[in-house]
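Good morning, and thank you for the time.

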Amino acid sequence: MFELIGSEASYLRSLTVAVSHFFASETLKQTLSKTEHHILFSNIRHVMAASEKFLTDLENRLGECVLISEVGDIVLQHCRRFHGLYVPYVTNMMYQETLIKQQLHFMYALKKLESDPVCQRQTLKSFLVLPFQRITLLNSALQYFSILKHTIQSVFCPFVKRCLAFRDQRFVVEDHAEFITHVTVKTLNTEILGLPPNSFLLHLAESHSGQPTALILVAQTK
């Protein structure tokens with residue numbers, strides 16, 4: 001769930017570059033006709049606005065409870081809008097590709113824009129393909145969440161709640177796993193996820209209880 005929110009935030013940042021740096025470029029507009037400009041960027045501004053609203057709803061859910069157990073309902077709320085925006089965008093991609101290959105007269109202006117540090121060495125083409133990649137990833141993620149939903153509800157959340165009950169009192173061993181073979185630690189983008197600064201994810205791939213366990217922990221210091 002956190003991966004979905006974090007990746008959506010990253011996706012939105014890239015879309016913002018595509019819109020504010022490339023779409024809004026007056027230099028690029030001067031080298032293209034209005035029709036060519038529309039073919040190149042399609043409805044990417046509206047796709048960005050949809051991502052912004054989607055991310056806001058996901059972050060609001062995170063704000064309600066750090067133990068997110070469901071996001072499918074949020075996706076369903078956005079499905080109609082996603083369909084109305086992504087279908088035309090993806091359909092237009094073949095024309096995008098043709099325009100970039102055939103219309104060489106704007107390539108100088110484009111290369112200059114791509115050299116800007118804000119692009120982080122990425123081409124316009126890599127930005128334009130993002131919506132297609134994102135909608136595909138979102139579909140795969142929802143299928144994955146559906147499969148793991150029962151595990152998350154029956155194992156992850158109760159385990160975290162039990163541990164939280166003991167945080168301010170004393171240390172209690174709830175579970176353990178063989179170190180290093182079955183123990184991994186992952187850093188979290190705490191700013192995006194709205195978590196305390198020293199939060200991290202602890203994953204026990206094969207624990208003493210016989211079940212995989214995931215915990216979000218917060219340390220007092222870095």
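This is a predicted model: local features need pLDDT of at least 70, side-chain atom pairs count only at pLDDT 80 or more; totals for chains, interfaces and linings use all residues.

Residues are numbered from 1 along each chain as its sequence is written, and side-chain values use heavy atoms, with hydrogens and water left out.

The protein has 9 helices and 3 strands; these are DSSP runs numbered from the N terminus, helices being H or I of at least four residues and strands E of at least two. Their order along the sequence is α-α-α-α-α-α-α-α-β-α-β-β. Of the 222 residues, 40% are buried, meaning under 20% relative accessible area, whereas exposed means over 50% and partly exposed lies in between, with a 1.4 Å probe and protein chains only. Among contacts with a separation of 6 or more, 65% join residues 24 or more positions apart; a contact means heavy atoms within 4.5 Å.

Let us now consider helix α6, residues 107-114. Its buried residues are A109, L110, L113 and E114. Viewed down the axis of α6, they fall within an arc of 135°, so they line one face of the helix; the arc is that of the directions from the helix axis to the C-beta atoms. These buried residues pack against α1 (2-23), α2 (26-31) and α7 (124-128). The face turned away from the buried side carries exposed Y108 and K112.

Next, the helix pair. How do α3 and α5 pack? Their axes are 7 Å apart, at an angle of about 120°; axes are lines fitted to C-alpha atoms over the stretch in contact, and angles run from 0 to 180 degrees between N-to-C directions. The two helices are therefore oblique to each other, since angles under 35 degrees count as roughly parallel, over 145 as roughly antiparallel, 65 to 115 as roughly perpendicular and the rest as oblique. The contact includes I39 and F41 of α3 and Y95 and L99 of α5.

Finally, the loops. Most residues other than glycine have a negative phi. S42, between α3 and α4, has a positive phi near 50°. Q120, between α6 and α7, likewise has a positive phi near 50°. S42 is buried at 14% relative accessibility, whereas Q120 is exposed at 63%.
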